[in-house]
Amino acid sequence: MKILVIGGGMAGLTYAIVAAKNGYDVTVAERNSRVGKKISMTGNGKCNLGNSAVSAADYNKSPLVNRVLSAISVGEYLRFLESLGVRTYADSEGRLYPLSDSASNVVDCLRYQLAKYGGKTECDAEVTSCKPCQQGYEVRMGGASRCFDKVVLACGSSSQALETSPYAVAPKEYFTPLIPSLVPVKIHNMEGVLNGIRVKAEVSLYDGALLLGKQSGEILFKDYGLSGICVFNLSAIIARRQVKRQQGDYIFIADLVPGMTQWDLADLLYLRMKSGYDANKLFYGILHNKVAEVVIKRCGGNDVSVLAHTAKNMRFQYLKSLDFSMSQVTAGGIDDRYINPDTLTLPNGITALGEVLNVDGICGGNNLYFAAASALYTFSEQQRQTAYGKI
């Protein structure tokens, strides 16, 4: 059987390797100049391969998530990685990384295994059309038409890299809106003096008075707005609502002193003021000087109760999320109504994997794990054992 895999990311390469190890004639078509481009960027170049505590709660509410996670355990995923030569470790938060701490090394392992078992890659190869024919599918690729018995759509999204448009393979009406997710956000009237400062905080996202989510971690202030993992994860909530065409009046509220109650902070500031601290020095040792400057400026006075409340409830009015080039993943994809949940196939018989599905997760290796797991899910247990043995 001749199989064309469209997309040389984690989903496409995983599928191609398992298929090649089972004796299929597999070709991976990649629009970029090399396969694994997005993989090589994950985890700041260290490659966050997954999460040992992966949970459906870390994803949007697609019914495919529970099916795939139930069928492909983290243990089985690690066995697959080990069969490629990739050994892993978990950090204190369960995030999985290769022992090499090198994303490019993981890509090398994937490429080597595919080539070792006869799989082929064609880079700078954009698929412009795919239609059923008498012998399977006629695919227009690189200016020429070719026939394949099976086509697998694993082209990911426009986040961080140019990809083949999925609409060249599947009808546009199959798709929900596609929205940048895990992305920095632009803030209305952002104070430019904060640009480049990192702080530990607890950040809440509201739609008006409705609390939508809360995350703890690092904020990176930018001249245009907010970045950092906790902001990325909250941006996913906005993106998922936009997929459903929901709008909102979004506000990020940052607790810049999460280790103290507002009342304890107010008492400390009061004692400092009574002992002779200048007003601009009240937050010394508590907040970054420029962050303190902004807090004090927003308060417009030296009332310690107001200062404490502002530091614990720093408001940032959401303006918009940045575009696909700044996003780690795309929310939305093929609507669940058009996917066979048992085989991940479309009505036209094409298999769809990874990010092209309407599945997205928060930071921490969840998206890379689902990409690989969705590919493994489409093979029988016997085929998976052929590829990497029993679990």
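Predicted model: local features only at pLDDT ≥ 70, side-chain atom pairs only at ≥ 80, totals over all residues.

Reader: How many disulfides does a search of the whole structure find?

Author: The search finds zero disulfides. Cys123, for instance, is in none, and the nearest cysteine sulfur, that of Cys155, is 15 Å away.

Reader: Is Cys133 buried, exposed or partly exposed?

Author: Cys133 is partly exposed, at a relative accessible area of 26%. Cys123 is also partly exposed, with 31%.

Reader: Turning to the backbone, what is the phi of Cys47?

Author: Phi of Cys47 is near 75°, a positive value in a residue other than glycine. Most residues other than glycine have a negative phi. Cys47 sits in the loop between strands E2 (25–29) and E3 (50–51), and it counts as buried at 0% relative accessibility.

Reader: And where is Arg245 placed?

Author: Arg245 is in the loop between helix H5 (229–243) and strand E16 (250–255). Its phi is near 65°, again positive, and at 65% relative accessibility Arg245 counts as exposed.

Reader: Lastly, which strands pair with E10?

Author: Strand E1 (residues 2–6) runs parallel to E10 (residues 150–153), joined by four bridges, with Ile3 partnered by Lys150. Strand E19 (residues 351–352) also pairs with E10 in the parallel sense, over two bridges; there Val152 stands opposite Thr351.

Key:
Residues numbered from 1 in each chain as written. Heavy atoms only, no water. Pairing = 2+ DSSP bridges. Disulfide = S-S within 2.5 Å. Buried < 20%, exposed > 50% of the residue type's maximum accessible area, 1.4 Å probe, protein only.
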